[in-house]
Amino acid sequence: MSFIARRGLSTLVPPKIASPSAIGGAQDAARMQRVVSFYEKLPRGPAPDVNPKGLLGRYQARYFGKNPSAAPIIHLIGFLLVLGYGNNYYFHLRHHKNNAH
């Protein structure tokens, strides 16, 4: 078995539980029973929904979750407009407040 194939299989099966010696023949049924009992204890079905935490997590869950929308693009455009106007005011428009150029 090539290294790539072994590496691909190693991500599916935990190394200490399903080693080649544990999966071997019928002479070692106790080890195989440990492997079977480990996999029987794993949870079945879809994973439960995780509640978002923090400001960014809630924003991501709201706009990128089950019903994605175009609102983040509109928020980005609005943020850039406000940032651009603030930048323009600070570097140029505040000098024109009381007297003309």
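Reply: A salt bridge is counted where a side-chain nitrogen of Lys or Arg lies within 4 Å of a carboxyl oxygen of Asp or Glu. Side chains of opposite charge can pair when their charged atoms come close. Please keep in mind throughout that this is a predicted model.

Me: Which side chains meet in a salt bridge here, and at what N to O distance?

Reply: The structure holds 1 salt bridge. D49 lies in the loop between helix 3 (29-41) and helix 4 (54-64), while K66 lies in the loop between helix 4 and helix 5, so the pair ties together parts that are 17 residues apart in sequence. The side chains that meet are those of D49 and K66, with an N to O distance of 3.6 Å.

Me: Where in the chain is confidence lowest, and where is it highest?

Reply: Across the chain the pLDDT averages 80, and 70% of the residues score at least 70. Confidence is lowest in helix 2 (residues 20-23), where the mean is 56, and the highest value belongs to helix 5, at 95.

Me: What is the arrangement of the rings of F38 and Y39?

Reply: A search of the whole structure finds 4 aromatic pairs. The ring centres of F38 and Y39 are 5.1 Å apart and their planes stand at 80°, an angle over 60 degrees, so the pair is edge-to-face.

Me: What arrangement do the rings of Y59 and Y63 have?

Reply: Y59 and Y63 are 4 residues apart in helix 4, a separation of about one helical turn. Their ring centres are 4.7 Å apart and their planes are at 55°, so the pair is tilted.

Me: Is Y63 buried or exposed, and which residues do ring pairs link into a cluster with it?

Reply: The cut-off for a buried residue is a relative accessible area under 20%, and Y63, at 14%, is buried. Y59, by contrast, has a relative accessible area of 27% and is partly exposed. Ring pairs join Y63 into a cluster with Y59 and F64.

Me: What share of the residues in the chain is buried?

Reply: The accessible surface of the chain comes to about 9300 Å², and 64% of that surface belongs to carbon and sulfur atoms. Of the 101 residues in the chain, the buried ones make up 6%.

Me: How far apart are the end C-alpha atoms over residues 73-91?

Reply: UniProt, in an unreviewed entry, lists residues 73-91 as "transmembrane region". In the predicted model this stretch is 100% helix and 0% strand, and its end C-alpha atoms are separated by 27 Å.

Me: How far apart in space are R62 and P52, C-alpha to C-alpha?

Reply: R62 lies in helix 4, and with a relative accessible area of 60% R62 is exposed. R62 and P52 are 10 residues apart in sequence, and in space the C-alpha to C-alpha distance between them is 9.5 Å.

Key: Residues numbered from 1 in each chain as written. Heavy atoms only, no water. Helix = DSSP H or I, 4+ residues; strand = E, 2+ residues; numbered from the N terminus. Phe/Tyr/Trp six-rings, centres within 6.5 Å; stacked < 30°, edge-to-face > 60°. Buried < 20%, exposed > 50% of the residue type's maximum accessible area, 1.4 Å probe, protein only. Areas by Shrake-Rupley, 256 points an atom, 1.4 Å probe, with all protein chains shown as cover. UniProt positions renumbered as here; feature names shortened; annotations may be inferred. pLDDT = per-residue confidence, 0-100.
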